[in-house]
Amino acid sequence: MRYEDLTIYECREGPPDVHSLNVGWLGGWGEPFAQGETSQAFKERLFQFCLDRYAVHLCRGYHECEFCGGWHDEAKAKYGEGASCLSIGNGEIRVIGTTAVYVAPALVYHYVVRHAYRPPDCFIEAVLTGPAPGSEEHETLLNIMRW
Ligand SMILES: [Zn+2]
C-alpha cells in the first residue's frame, strides 16, 4: 500500500483525521521514494518509536517490506521480542509534531536503515524534538488510538 508523504491519513475503519499525515508508506519494487542520509540520532530515536509497546492501530494489517523480504527473521534476531511490530511491519507509529501527528508504518525504521529512505524534514524534526515515545503526551495519544 502506497501513500505519498504528508498526505492526509485516513483509516478506513474510522473517520478521517485531518490532523494526521502519512509518512513512509512506500510502494514496492520500481516505485521511487526519497532517499538520502539521515543522522544516527534520528535513527536511534526512530527505533524507539517502532518498538511493540509504542506501535498501535493495526488498521492496515500486515505490511512486510516489499523491497527485500527477509526482514522478519533478521530483525527478530537483532532486536528481540520487543521489536516484533518493527520486524514484521504489523503496526503503525505515531509521532507528534508541532503542526500535525505523523502516521508511519513500524517498518519505517527498516526503510531508513536498510533502504536509505529519507522522510520529510518535518517528520525528522518531530522524531528528534517532539514528545519521546513513552512520554505522557505520547502515551495519551496512543491510548486514544488503542481500540
Ligand atoms: Zn526491506
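How many helices and strands does the secondary structure of the chain come to? The predicted model contains six helices and three strands, where helices (H or I, at least four residues) and strands (E, at least two) are DSSP runs numbered from the N terminus. Residues are numbered from 1 along each chain as its sequence is written. Because the model is predicted, local features require pLDDT of at least 70 and side-chain atom pairs count only at pLDDT 80 or more, while totals for chains, interfaces and linings use all residues; side-chain values use heavy atoms, with hydrogens and water left out.

Along the sequence the elements follow the pattern β-α-α-α-β-β-α-α-α. Of the 147 residues in the chain, 49% are buried, buried being under 20% relative accessible area, exposed over 50% and partly exposed in between (1.4 Å probe, protein chains only). The accessible surface of the chain is about 7200 Å², and carbon and sulfur atoms account for 54% of this; areas were computed by the Shrake-Rupley method with a 1.4 Å probe, and for residues only the protein chains shown count as cover. Among contacts (heavy atoms within 4.5 Å) between residues at least 6 apart in sequence, 74% join residues at least 24 apart.

The three strands form an open sheet in the order S1-S3-S2, with mixed pairing; two strands pair if DSSP finds at least two bridges between them. Strands S1 (20-22) and S2 (92-96) are the edge strands, and each has a single partner strand, so one side of each lacks a neighbour in the sheet. The twist from one strand to the next averages 30°, with axes taken as lines fitted to C-alpha atoms, for helices over the stretch in contact, and angles running from 0 to 180 degrees between N-to-C directions. S1 runs parallel to S3 (residues 101-105) and is joined to S3 by three bridges, with Leu-21 opposite Tyr-102. S2 and S3 are antiparallel and share five bridges, Ile-93 standing opposite Ala-104. A hairpin of four residues connects S2 to S3.

S2 is largely enclosed by the rest of the structure, because five of its five residues are buried. Glu-92, Arg-94 and Ile-96 lie on one side and Ile-93 and Val-95 on the other, and both faces are covered.

The largest nonpolar core has 31 residues, a core being a set of buried Ala, Val, Leu, Ile, Met, Phe, Trp, Tyr and Cys residues joined through side-chain atoms within 4.5 Å. Leu-46, Ile-93, Val-95, Tyr-102, Tyr-117 and Phe-123 touch the most other members. Two or more residues each come from helix H1 (40-49), S2, S3, helix H4 (108-115) and helix H5 (121-129). Beyond its neighbours within four places in sequence, Leu-46 contacts Ile-93, Val-108, Tyr-109, Val-112, Phe-123 and Val-127.

Four salt bridges are counted, each requiring a side-chain nitrogen of Lys or Arg within 4 Å of a carboxyl oxygen of Asp or Glu. Glu-92 and Arg-94 form a salt bridge with an N to O distance of 3.0 Å, and both residues are buried. In the salt bridge between Arg-2 and Glu-4 the closest N and O atoms are 3.3 Å apart; Arg-2 is partly exposed at 30% relative accessibility, as is Glu-4 at 48%. Arg-118 and Asp-121 form a salt bridge at 2.7 Å between the closest N and O atoms. Arg-118 is partly exposed at 30% relative accessibility, whereas Asp-121 is exposed at 52%. Salt bridges with shared partners link Arg-2, Glu-4 and Glu-31 into one network.
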